[in-house]
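Please examine the structure below before reading on.

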Amino acid sequence: RASRILSSLNLPTDTNQTIPGCFDGTKWSGSGEELISKCPATGEILGRVRGASIEETQAAIKASKEASKLVRRMPAPKRGEIVRQIREALLEKVDELGDLVSLEMGKIKSEGRGEVVEFIDVCDYATGLSRSMKGNVLPSERPEHTIYENPNPLGVVGILSAFNFPVAVYGWNLTIALVTGNSTIWKPAPSTPLVSIAVTKLIQPVFERNGLPAAAAALVCGGIDAGKTVVASTDVPLVSFTGSEKVGKEVGKVVQDRFGKAILELGGNNCVIVDEDADLGQALQGVLFAAVGTAGQRCTSTRRLLLHKSIAKEFISRLAKIYDAAGTPGNSLKVGDPLEPSTLIGPLHNKLAVEKYEATLNGIISRGGEVLVSRSGRVKSDFGVSEEGNFVWPILVKPKKDDPCWIEETFAPILSVAEFETIEEAIEINNNVPQGLSSSLFTSSIKSMGKWLGPDGSDCGIVNINVGTSGAEIGAGFGGNKSTGWGRESGGDAWKQYVRWSAATVNYSTKMPLAQGVNFGV
Ligand code: UN1
């Protein structure tokens, strides 16, 4: 099966062969660290990729910088046309690429495909943007003067993406960077190199047939060396980083130290509030997808569930029933092979994630917390999963009030529950964590909705109502506040960060008047 998926995307199927993971626009190379791609569901080796060395990374940055000079001279709608053709190239392989995401990352088939669809969607958005992104024309106080605010390209945009969204997050950044006139260099997560090589190979011909160097979308697979080289390079004016708070903090400092720009999309500690007037059936479905979907490995996954005291008991019992049924044959919440279309819960990405899941769970229990479902820990092979796979049971827990798990993100399907009495109290709990990515309120009250969206409401970048915390569309800017990093990607006004803005005052009179009434006559 792996061979079929790999060969459908022109990737080698012989796992003893080493695949070069650095693309500078003209050739593929790789003399850096070896990256082993492993299937999270079976443990089988899918490929061996040779990453970019420091020198190769620097050369790829140089090539991308050269390409940026041609990208920026191309009219924006022409760049939009290239992005439209990237869309077509992706659409042709949407199923194959989606399957490769499932195979290498471990998310279920429809979510793997969904990620490619998210890239396709943002191509549409960016193509439209290429004809509509506008500066400003402003009135001047001086006669026969006009003020313009003018966006121009930055140069090379460095894209450092995470394993959990190995396609879509690159898509958000590549497309917006291109239409705003920049080239890119992509450093994907070291554990998903095959997806990034497949994507790069798919889109490379689009550049070539449109007369742009393919270095406009350069790729450096690799680990810390390649990543650090991109982040530290003064030839990369903007670094868009998705990953942990810990690494993001370092990236932010290094970029700031050289006065570059950074877009940071870091941890989430996303909360769902279910109020007493909520439609519980709807809330149940929203919570389930956001907490259990992608096996809890989205930045936007729900980690905290706050229930109004009056509905808490009923809600927990209905939710726990669904969780518990996961282990029952024939149940619709199926744990197993992510490529099997009926599966809803795939594996965690790697062994380390399983260890972190276990450590968080054991910590909660040892500090007096309660597990509210009947199964927890690793899924055993009696449930039809591979012994070598990283499968864990999704769990619902009630940690103690002061448990450290409330303020830390564990990238696993662990949902912590607490109760509240007033909406004000719930909002305070929602906000009382370092992170600020996504949040949801389930309610039918317009008053609560107003509060939730207003200045005393949720302090997150995503503030939903009767919609779960995950699965955002590309139309709005995506990102979060506080320790999530304040960055915005994909839609909304995110594109405005990918340009350098200039304020231009133009005098078309024959005089030289000064603003603010200043006199400087000689
Ligand atoms: C991420 O987890 O880094 O809103 C991105 C969502 C997806 C993107 C998640 N559209 O869940």
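**Helix packing and overall form**

H3 and H5 run roughly antiparallel to each other, because an angle over 145 degrees between their N-to-C directions falls in that class. In this predicted model, the axes of helix H3 (residues 76-92) and H5 cross at roughly 160° and come within 8 Å. The crossing in which H3 passes H5 is left-handed. On the side of H3, the contact is formed by Gly80, Val83, Arg84, Ile86, Arg87, Leu90 and Leu91, and on the side of H5 by Val116, Phe119, Ile120, Cys123, Asp124, Ala126 and Thr127. Sorted by class, the contact of H3 with H5 comprises nine nonpolar, two polar and three charged residues.

H5 also takes part in a second pairing. The axes of helix H5 (residues 109-129) and helix H6 (residues 168-179) come within 8 Å, and the crossing angle is roughly 15°. Angles under 35 degrees count as roughly parallel, and H5 and H6 are therefore roughly parallel to each other. Here H5 passes H6 in a right-handed crossing. The contact of H5 with H6 contains nine nonpolar, two polar and two charged residues.

H2 passes H8 in a right-handed crossing. The residues in contact are Ile54, Thr57, Gln58 and Ile61 of H2 and Asp225, Ala226, Thr229 and Val230 of H8. By class, the contact of H2 with H8 has four nonpolar, three polar and one charged residues.

These helices may now be placed within the whole protein. The protein contains 14 helices and 26 strands. Its C-alpha atoms fill a box of roughly 85 × 60 × 35 Å along the principal axes. A compact globule of 522 residues would have a radius of gyration near 24 Å, and the value for the protein, 24 Å, agrees with this. Of the 522 residues, 53% count as buried. Among the contacts with a separation of 6 or more, 73% are between residues 24 or more positions apart.

Terms used: Residues are numbered from 1 along each chain as its sequence is written. This is a predicted model: local features need pLDDT of at least 70, side-chain atom pairs count only at pLDDT 80 or more; totals for chains, interfaces and linings use all residues. Helices (H or I, at least four residues) and strands (E, at least two) are DSSP runs, numbered from the N terminus. The radius of gyration is taken over C-alpha atoms; the globule rule is 2.2 Å times the number of residues to the power 0.38. A residue is buried if 20 or more other C-beta atoms lie within 10 Å of its own, exposed if 12 or fewer, and partly exposed in between; C-beta atoms are placed from the backbone. Two residues are in contact if their C-beta atoms, placed from the backbone, lie within 7 Å. Axes are lines fitted to C-alpha atoms, for helices over the stretch in contact, and angles run from 0 to 180 degrees between N-to-C directions. Angles under 35 degrees count as roughly parallel, over 145 as roughly antiparallel, 65 to 115 as roughly perpendicular and the rest as oblique. A crossing is left-handed if the near helix is turned anticlockwise from the far one by less than a right angle, and right-handed if clockwise. Ala, Val, Leu, Ile, Met, Phe, Trp, Tyr, Cys and Pro count as nonpolar, Asp, Glu, Lys and Arg as charged, and the others, Gly among them, as polar.
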